[in-house]
Amino acid sequence: MTLREAENAVIEEFSMYDEWLDKYEYLIELGKALKDYPESSKTDDRLIKGCQSRVWLDYEFRDGKIWFNADSDAIITKGIISLLIGIYSERTPQEILSSDFSVVEKIGLKENLSPTRANGLVSMIAKIRNIAECNL
Amino acid sequence: MDIREIREMFPALDRKVYGKDLVYFDNAATSHRVQSVLDTWNRISIESNSNIHRAVHRLADEATQAYELARDSVKTFLNAAFREEIVFTSGTTSAVNLVAFSFGEAFVHEGDEVVVTEAEHHSNIVPWQLMCERKGALLRVLPVDDDGYLKMEELDGLLTERTRIVAVTHISNVLGIVNPIKDIIEKCHARNVPVLVDGAQGAVHCRVDVQDLDCDFYVFSGHKLYAATGTGVLYGKRKWLEVMPPYMGGGEMVGTVGFDKTTFAPLPLKFEAGTQNFASAATLKPAIDFINLLNDNNLIKENELIKDFLLAKLMSDERVRLYGVPRGTGEDKIPLFSFTVNGVHHEDLALILDKMGVAVRSGQMCAEPLMNRFDVTGMLRISLAPYNTMDEAEYFIKCLDKAINMLI
């Protein structure tokens with residue numbers, strides 16, 4: 001699946017839910033399904049600033065691709081970072097940087113989250129872009 | 001008087017969020033504005049919009065009168081001895097900053113000490129910290145116990161020859177317990193130490209008599225008290241305000257201005273530099289008139305029932321840990337409940353409750369030291385006003401249960 005296809009799949013998935021509580025249920029499930037993140041990697045340099053809850057984002061650069069791993073102490077945030085990882089992990093830095101990241105607006109995440117949460121989302125995307133840029 | 005009648009005075013409460021009736025339980029942060037407050041603000045903005053204390057024309061006169069009437073109203077509200085002891089500020093934070101700066105300039109020197117409590121809002125910590133850094137003074141802290149009560153037995157030990165001022169909250173915005181400020185003031189005065197009381201929550205929930213309390217400073221905000229935002233009050237004993245230097249310069253705070261020397265206006269204008277937020281400050285009068293209406297036995301009884309209901313529900317829920325647990329009959333607890341839920345992040349709960357139409361507060365609530373004290377990264381807080389109903393309380397309890405089940 002190309003990155004564009006992955007983005008569209010998420011947009012389609014989200015459009016199935018009319019109710020916000022259903023969208024949250026979906027994010028909660030995504031959060032719970034995220035693979036284990038080692039406690040030893042919960043370091044300040046992996047912590048994303050701007051979130052009310054704490055988010056750690058780690059990665060490996062292997063075979064020319066970036067493999068993300070993340071965690072959060074809040075489950076909805078964890079669902080959001082899980083959703084982003086689902087799209088952007090296992091991609092080359094060039095692929096990641098080719099995205100305009102409009103997917104978060106298209107699924108209504110940005111406008112419907114509280115301002116502090118929206119800032120967190122902006123920070124998460126900035127971190128993903130930053131990691132891609134550093135590994136070009 | 002009953003809650004329904006009170007509710008009708010607040011047009012904001014009619015709105016819906018995400019198609020659901022709004023349940024507004026974030027009153028400790030900002031309360032809604034009573035219709036008479038909105039009317040006053042509109043009237044001044046439309047009919048009497050003019051800078052106060054300066055021009056001689058009719059509009060300026062009306063605006064000045066409305067502003068000064070509000071000062072009289074606050075004087076009566078606090079039972080202050082003199083109207084010049086009432087200084088208008090933009091809120092509690094700016095009032096504390098004013099005192100920390102001006103009192104600090106006059107009375108705090110290297111090696112001196114300032115005492116705050118562990119239960120303070122950042123606004124009653126950071127201004128003192130800044131002043132202590134500037135002056136080379138030391139900030140000392142009175143801790144709270146596991147239930148959220150101040151450890152009064154440690155107060156005497158904290159007061160030394162070098163203590164210059166004690167700053168304490170009347171009611172913590174997290175714990176919701178009325179602190180024994182009269183007792184604290186008495187103990188401090190016995191050692192000749194003045195006391196500032198942060199009344200941001202206290203002025204909303206307690207009858208405050210500054211002469212009876214004998215506090216040196218009492219500060220509060222208008223926006224938590226049904227008035228317009230950007231309003232606040234510093235009550236200061238005249239003997240202090242007279243000898244404290246101005247905080248900011250400019251505007252009507254001067255006597256005469258020359259390049260070699262400037263003299264200052266008498267109290268309270270000495271501390272009201274620049275164009276004041278007069279249309280908003282004037283709303284303190286209708287807000288206080290409204291508060292006087294709340295002193296109604298029937299209404300008080302109704303509000304108490306709701307508080308007791310929420311307290312009982314939260315205390316009996318094994319998943320919930322409440323901070324600020326009242327002792328005895330609970331008379332010293334205001335309808336403000338901060339809690340955490342085992343295994344659930346406060347922000348997740350707040351987000352889900354929001355989508356159910358319930359506005360709550362989540363996070364550190366501007367009290368990071370208190371969060372550290374209880375070893376949590378944040379809490380969820382509900383805070384009620386006299387316009388909140390039992391139906392809303394019952395709906396909240398149902399929603400909380402549903403939200404927890406979604407998350408666990």
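Two strands are said to pair if DSSP finds at least two bridges between them. Strands themselves (E, at least two residues), like helices (H or I, at least four residues), are DSSP runs numbered from the N terminus. In this predicted model, local features need pLDDT of at least 70, side-chain atom pairs count only at pLDDT 80 or more, and totals for chains, interfaces and linings use all residues. Residues are numbered from 1 along each chain as its sequence is written, while chains are lettered from A and ligands numbered from 1 in the order in which they are written.

Chain B contains 16 helices and 17 strands. Its radius of gyration, taken over C-alpha atoms, is 22 Å, close to the 22 Å that the globule rule (2.2 Å times the number of residues to the power 0.38) gives for 408 residues, so chain B is as compact as a globular protein of that length. The C-alpha trace of chain B spans about 70 × 55 × 35 Å along its principal axes.

Strands of a sheet pair through backbone hydrogen bonds, either parallel or antiparallel. In chain B, seven strands form an open sheet with mixed pairing, in the order β4-β10-β9-β8-β7-β5-β6. The edge strands, β4 (86-89) and β6 (138-142) of chain B, each pair on one side only. Strand β5 (residues 113-117) of chain B runs parallel to β6(B), and five bridges join the two. Within this pair, T117(B) stands opposite L142(B) of β6(B).

Helix α4 (residues 92-107) of chain B lies across several strands, including β4 and β10 (232-236) of chain B. Helix α7 (residues 181-190) of chain B lies across β7 and β8 of chain B.

How values were computed:
Two residues are in contact if their C-beta atoms, placed from the backbone, lie within 7 Å. Axes are lines fitted to C-alpha atoms, for helices over the stretch in contact, and angles run from 0 to 180 degrees between N-to-C directions.
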